[in-house]
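Biologist: Hi! Could you walk me through the inside of this one?
Modeller: Happy to, have a look here.

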Amino acid sequence: MHVKVANDLSKLKCFYGDNIDVNELQYLTEIIANEYDRINYNLAEKSIISPQISFSAPAYAAGDSVNTILENFYNRTIYFTGKKQNTINKERFQGINNTQLRDEIYEWVMTQDKYLAKQIFPSDIHHKLVFTDSNGSTQENFVELAINSMNMSGSIVSAYCKNPNSAELRILKAAIDINTTKIHYPNNKYGLFILRANEDSGISRDILNQLDDVIDENIWKLENAGVHIGSEESIAELGQNIIHWAA
């Protein structure tokens, strides 16, 4: 390549510095220029011009020595706008499902109020509700309640995900469980607690807007029915919301 584009090899000193000897390189390139004709590449490939010269298919230079040369050149470059600082790549987004969220909320509330945590968080979130009407017929319903005590019931839902459809299904399932429980225990206090994603999660603004719309569209009926809605962006904030509601 240098034979073709670099007539003045002394200019390479600017790039390679002391890593090359321009005089020796000039001598080698002159041999190549005199003996090597690109048109007769196949013929030249079979001949020996010099022990220091070998022909091969076109390729990029690589290896530790080249990397060292390029690194030295980069470090010696004068920047008029300043060097770009190394940026830390954001970790890949990892969603939180309902089970993970319930466990983390429980652990956080335990650190704040151990007695309250043991009172409101059941060991099993699955509950069977039995209802007997005036005619004596019995109806059974099965619900999931992350919060359940003598006078309060509630659900904890993670909307911390990249798929708005997943968030909507989780919220709808929680709403059905709360509404079903209200039929059996109309005098209880009810709450729905949602962990939502924010810009620090790495999710695009477009997806965040879709998640916000899903949450807002599905909770207003519960709010109108007297259900407390706690929607926060962190475990600590959501846990604190639950403590204030349950106190």
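**Inside the model**

Modeller: Ile156 counts as buried because its relative accessibility is 3%, where buried means under 20% relative accessible area with a 1.4 Å probe and protein chains only. This is a predicted model, where local features need pLDDT of at least 70, side-chain atom pairs count only at pLDDT 80 or more, and totals for chains, interfaces and linings use all residues. Residues are numbered from 1 along each chain as its sequence is written, and side-chain values use heavy atoms, leaving out hydrogens and water.

Biologist: Thanks! Where does Ile156 lie?
Modeller: In strand β4, residues 152-159; strands are DSSP runs of E, at least two residues, and helices are runs of H or I, at least four, numbered from the N terminus.

Biologist: And what does Ile156 touch?
Modeller: Leaving out residues up to four places away in sequence, its contacts include Leu101, Ile105, Phe121, Phe193 and Ile242, a contact being heavy atoms within 4.5 Å.

Biologist: Which residues touch the most other members of the largest nonpolar core?
Modeller: Ile105, Ile156 and Leu192, out of 46 residues. Such a core is a set of buried Ala, Val, Leu, Ile, Met, Phe, Trp, Tyr and Cys residues joined through side-chain atoms within 4.5 Å. Helix α9 gives this core its largest share, seven residues.

Biologist: Switching topic, which residues line the largest cavity?
Modeller: Among them are Ala159, Arg196 and Asp212. A cavity is a set of points on a 1 Å grid over the protein atoms alone where a 1.4 Å probe fits but cannot get out, and lining residues have an atom within 4 Å of a point. Helix α9 (residues 205-224) gives the most to that lining, four residues.

Notes:
On a 1 Å grid over the protein atoms alone, a cavity is a set of points where a 1.4 Å probe fits but cannot get out, and a pocket is an open set with protein on both sides within 12 Å along at least five of seven lines; lining residues have an atom within 4 Å of a point. Buried means under 20% relative accessible area, exposed over 50%, partly exposed in between (1.4 Å probe, protein chains only).
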